[in-house]
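The structure is shown first.

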Amino acid sequence: MEQRKGVDWTVIILTCQYKDSVQVFQRELELRQKREQIPARTLLLAVEDPEMRVGSGGATLNALLVAAEHLSARAGFTGRDFPFDDCGRAFTCLPVENPQAPVEAVVCNLDCLLDIMSHRLGPGSPPGVWVCSTDMLLSVPPNPGISWDGFRGARVIALPGSTAYARNHGVYLTDSQGFVLDIYYQGTEAEIQQCTRTDGQVPLVSGVAFFSVETAEHLLATHVSPPLDACTYMGLDSGARPVQLSLFFDILLCMAQNVSREDFLVGRPPEMGQGGADVTGYLQGARAELWRELRDQPLTMAYVPDGSYSYMTNSASDFLRSLTFPGAPRAHIVHSQVEELQLLEAGSSVVSCLLEGPVRLGPGSVLQHCHLRGPIHIGTSCFVSGLDIAQSEALHGLELCDLVLQGHHVRLHGTPSRAFTLVGRLDSWERQRTGTYLNMSWSEFFQKTGIRDWDLWDPDTPPAERCLLSARLFPVLHPSRALGPRDMLWMLDPQEDGGEALRAWRASWRLSWEQLQLCVDRAATMASRQDLFFRQALPKARHVLEARQDLSLRPLIRAAVREGCPGPLLATLDQVAADAGDPGVAARALACVADVLGCMAEGQGGLRSGPAANPEWMRPFSYLECGDLAGGVEALAQERDKWLSRPALLVRAARHYEGAGQILIRQAVMSAQHFVSTEPVELPAHGQWVVAECPARVDFSGGWSDTPPLAYELGGAVLGLAVRVDGRRPIGARARRIVEPELWLAVGPQQDQMAMKIVCRSLDDLQDYCQPHAPGALLKVAFICAGIVHVRSKLSLREQLLRTFRGGFELHTWSELPHGSGLGTSSILAGAALAALQRAAGRVMGTEALIHAVLHLEQVLTTGGGWQDQVGGLIPGIKVGRSQAQLPLKVEVEEITVPEGFVQKLNDHLLLVYTGKTRLARNLLQDVLRSWYARLPAVVQNAHNLVQHTEKCAEAFRQGSLPLLGQCLTSYWEQKKLMAPGCEPLAVRRMMDILATHVHGQSLAGAGGGGFLYLLTKEPQQKEVLEAVLAKTEGLGNYSIHLVEVDTQGLSLQLLESETST
């Protein structure tokens, strides 16, 4: 899958509010690098803020210092407490999927921002430092149209917002050239109107800024100057008093042209709040230092009118709106397995969940990171996160509405534990006295539950600080039992239980929300989410395979391997293969196991394609050959465990799993035997030759779709021509009976004195029939598939031949085409050999039966291959072969009728060019099968296009249009290259470019990679002209041009007069 080219970041920094988050977030950054979201060479740093309240500006300055100590920084991120995700806004999961992602994963806000920075905002910018907040949801069009011509200083990115939204937010005031004049936070109506653009929108402060190298160096220089040194870890380590700075309203504001020094020094950043005179003086000193260093740096704004920005507030209502789609016709389900989809109402959202049984979800509600078992009813406008199946029972019999229920991983004095929080959707997280809890006033809550204010706050807590953040509401430890959601849910409807729930609540150690945040175990939270992600993904993988869906599991495979948990996926694939009643499903599952092993090798250990006949793997192979699928899968897994220690072994194990898949493909294709039959005829006399001669074939469309398993999983359609080369039918075989009870084999030119000769006197001489490169293997397997010899019979070869035929046979095959020609030689040769042998043995086979017999023969020979070659060469003229997406595999042929005289016209315009390059089809075949079994989207779509294109090509033949056929050839070659990347050698590309102006279209024959190139020329009879054109070009190698014409005879079978054995 081709990846988009984005910014090649030098370093990415994620700033962390809490010290215990550093290692967790560092691992999350590294995971994204493994998922290929971040370039492999980028330095990744998770950096702790030197003090919890240094502000966005202080965090940026500290991050810049740390990056400078490693190398030049190019990006920074920051975040704060967020009541709806224990890992903060950066790792809040969104209800979106990225089907193009090379690694399957839940999409977090950080992932979206990384994509925007790397592929939308970042490209084209000069070297420097990008700073991006993670406190907002951002949308930017693919080409935002930002010009960097003549840029210097710093630049802010602004997105459009309404004037109403701007009243509680920051906006930029700029001049006509884009220079920032001022930055307003919660500005007056007049200030906001000043900023309004012609489209009625205002440019919002969006949390994204860029510093040129020069400006970044000026900013970095401030880290040694008091009091700004207190923003960095160096200042903290030196005992400096922390100072809180805002990136936008301190660092960037001092560059705005209309801001005076006096106004700047007395101003306060909005994130700082109120403070005493000493704080004000300290801040003024910091601002004075910033003014000195940065005032002369220009600040410009880039406005992205088609983008959108939404700050992630602490409002549950806003949060739910951002995660749901009110107008959607159905629930939005992402990375989740749901048993009863009909219970999820429109406008709800489910992310990374396993929902078993009846789980009802109302509109406007969101489920995240939950494994629940019904019956459960979650009503409208709820957010539920972090619950496992153990907590499901607590929800039975309840209907939740307007609530936020979360499970948290915490550590209490080093001991891992779980805690559960419950708040109302309308509750405020601000520090204000007039707050609510569970959507009711505190007084109403106290009256309903029996809880008192002294249960929640110390007596000396000032009334102004008695709020939801500081209330000790949430039990974390009970003296005698484990805690669960019930310890909070009782507050919704206190039962007449004699106050038992209230007493249990009071007996528990409870924490406030603020205190709980200090105990959150973010490593356990991330690990739990990862575990649930894979638990929901494994049933999906099983369903994709068993339902034969055209969805790729490769992103999930990469995720399992790169996140260190391939074991459960391997176990699932083993189970699918063992339980499959369909050899196609089992073969795909084994191919996925091979992909897992290949991915575990991490690109080391050698090529994926290679031999698969190690003796250690023969036992599991033997189970599969005998039809014991479950036993074979189990034996494969046992052997696999011995090959996991290093990349070279993993790759070799992957090859053997692909070999096991080939056994199952072979068994599926063997079903073509259903359509093989013969009729008895008079047995020829000893010494009487039966000669079979065949044309070659040229494929005009649809190749690869005939190749198993595509031929029976997708269904194939190939248009081919039977052709004579230089006026000759170049492929043939002859057979005759001989007196000696032996098999005489000859391979080579038709004049048999030049042939390689083999004599088989025993069954042992035939045992290498399934090794394609063994001398005479094709001829040996022809005797077996013709039923003349049975290699596993208890009778000797001599006894078998004498008993049935009163003697032996001689078989001679030849081809006048070079090896690897791409013209279907081996399959057509197999058909000729079978036809000659059967007739010599006193039997005849129809052409349709012979097509299926060759399919069977090539599986026994273990070369595999499809059916297009024998259809193209054994049946005369122009035709389309088709197979349906089903087993048994049956091929049907339709002859194409063309206008009168068109065949001769085609002959005048069709030429073959031998490229001089030998085609290596086997590796190409293995690569294509690997891509098909992985169901790579581009390959699946291309395979469908191949089949559809065949019907268009057939219509072009019926019309007799050479230009249309040329277009078909050109499209077909592009499809072949998509199917098998690497099938076009550079020398061939050069040759095709030279010939392009002379032809309607051209393509390499067969799988490509070398062999013959066939051309449809614009002018007739162009052989001499093109020879002259190519002769003028140096370095083309040993090429030759050949005449070609459509053969109207196909396979011919002839009995010659008797002659003595040679």
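The sections below treat the basis of the model, aromatic contacts, salt bridges, a sheet, a helix and a domain record.

## Basis of the description

This is a predicted model, in which local features need pLDDT of at least 70 and side-chain atom pairs count only at pLDDT 80 or more, while totals for chains, interfaces and linings use all residues. Residues are numbered from 1 along each chain as its sequence is written, and side-chain values use heavy atoms, with hydrogens and water left out.

Helices (H or I, at least four residues) and strands (E, at least two) are DSSP runs numbered from the N terminus. Buried denotes under 20% relative accessible area, exposed over 50%, and partly exposed the range in between, with a 1.4 Å probe and protein chains only.

## Aromatic contacts

The structure holds 30 aromatic pairs. Rings of Phe, Tyr and Trp (its six-membered ring) pair if their centres lie within 6.5 Å; planes under 30 degrees apart count as stacked, over 60 as edge-to-face and the rest as tilted. Trp442 is buried at 9% relative accessible area, and Trp457 is buried at 4%. Phe533 and Phe534 also pair edge-to-face, at 5.1 Å centre to centre and 75 degrees between the planes. Phe533 is buried, with 6% relative accessibility, as is Phe534, with 8%.

Trp442 and Trp457 belong to one aromatic cluster together with Tyr437, Phe445 and Phe446. Two arginines are placed over aromatic rings. A charge sits over a ring if NZ of Lys or CZ of Arg is within 6 Å of the ring centre and within 35 degrees of the ring normal. Arg287 lies over the face of Phe264 at 4.5 Å from the ring centre, and the charged end of Arg510 sits 3.9 Å from the centre of the Trp505 ring.

## Salt bridges

Side chains of opposite charge can pair when their charged atoms come close. A salt bridge is a side-chain nitrogen of Lys or Arg within 4 Å of a carboxyl oxygen of Asp or Glu, and by this rule there are 53 salt bridges. Arg425 and Asp402 meet in one of them, at 2.8 Å from N to O. Arg425 lies in the loop between strand E23 (415-424) and strand E24 (436-437), and Asp402 in the loop between strand E21 (399-400) and strand E22 (403-412), so the pair ties together parts 23 residues apart in sequence. Arg425 is buried at 18% relative accessibility, whereas Asp402 is partly exposed at 23%.

Glu546 forms a salt bridge with Arg542, with the closest N and O atoms 2.6 Å apart. These two residues are four apart in helix H17 (residues 522-546), and so are separated by about one helical turn. Glu546 is partly exposed at 37% relative accessible area, and Arg542 is partly exposed at 22%. Asp869 and Arg697 form another salt bridge, with closest N and O atoms 2.9 Å apart. That pair links distant parts of the chain, 172 residues apart, with Asp869 in helix H29 (residues 868-874) and Arg697 in strand E30 (residues 696-701). Asp869 is buried at 16%, and Arg697 is buried at 3%.

## A three-strand sheet

Three strands form an open sheet in the order E16-E19-E21, with parallel pairing. Strand E16 (359-361) and E21 stand at the edges with a single partner strand each, so one side of each has no neighbour in the sheet. Two strands pair if DSSP finds at least two bridges between them. Two bridges join strand E19 (residues 376-378) to E21, and His377 has Glu399 in E21 as its bridge partner.

Helix H18 (residues 554-562) is largely enclosed by the rest of the structure, because eight of its nine residues are buried. Those buried in H18 are Arg554, Pro555, Leu556, Ile557, Arg558, Ala559, Ala560 and Val561. Just after H18, Gly564 adopts a positive phi of about 80 degrees.

Arg554 is also part of a network of salt bridges that links it with Asp595, Arg608, Glu658, Asp927 and Arg930.

## Annotated domain

An unreviewed UniProt entry lists residues 954-1029 as "domain: GHMP kinase C-terminal". UniProt positions are given in the numbering used here, feature names are shortened, and annotations may be inferred rather than shown by experiment. In the model, residues 954-1029 are 54% helix and 16% strand, and the end C-alpha atoms of the span lie 31 Å apart.
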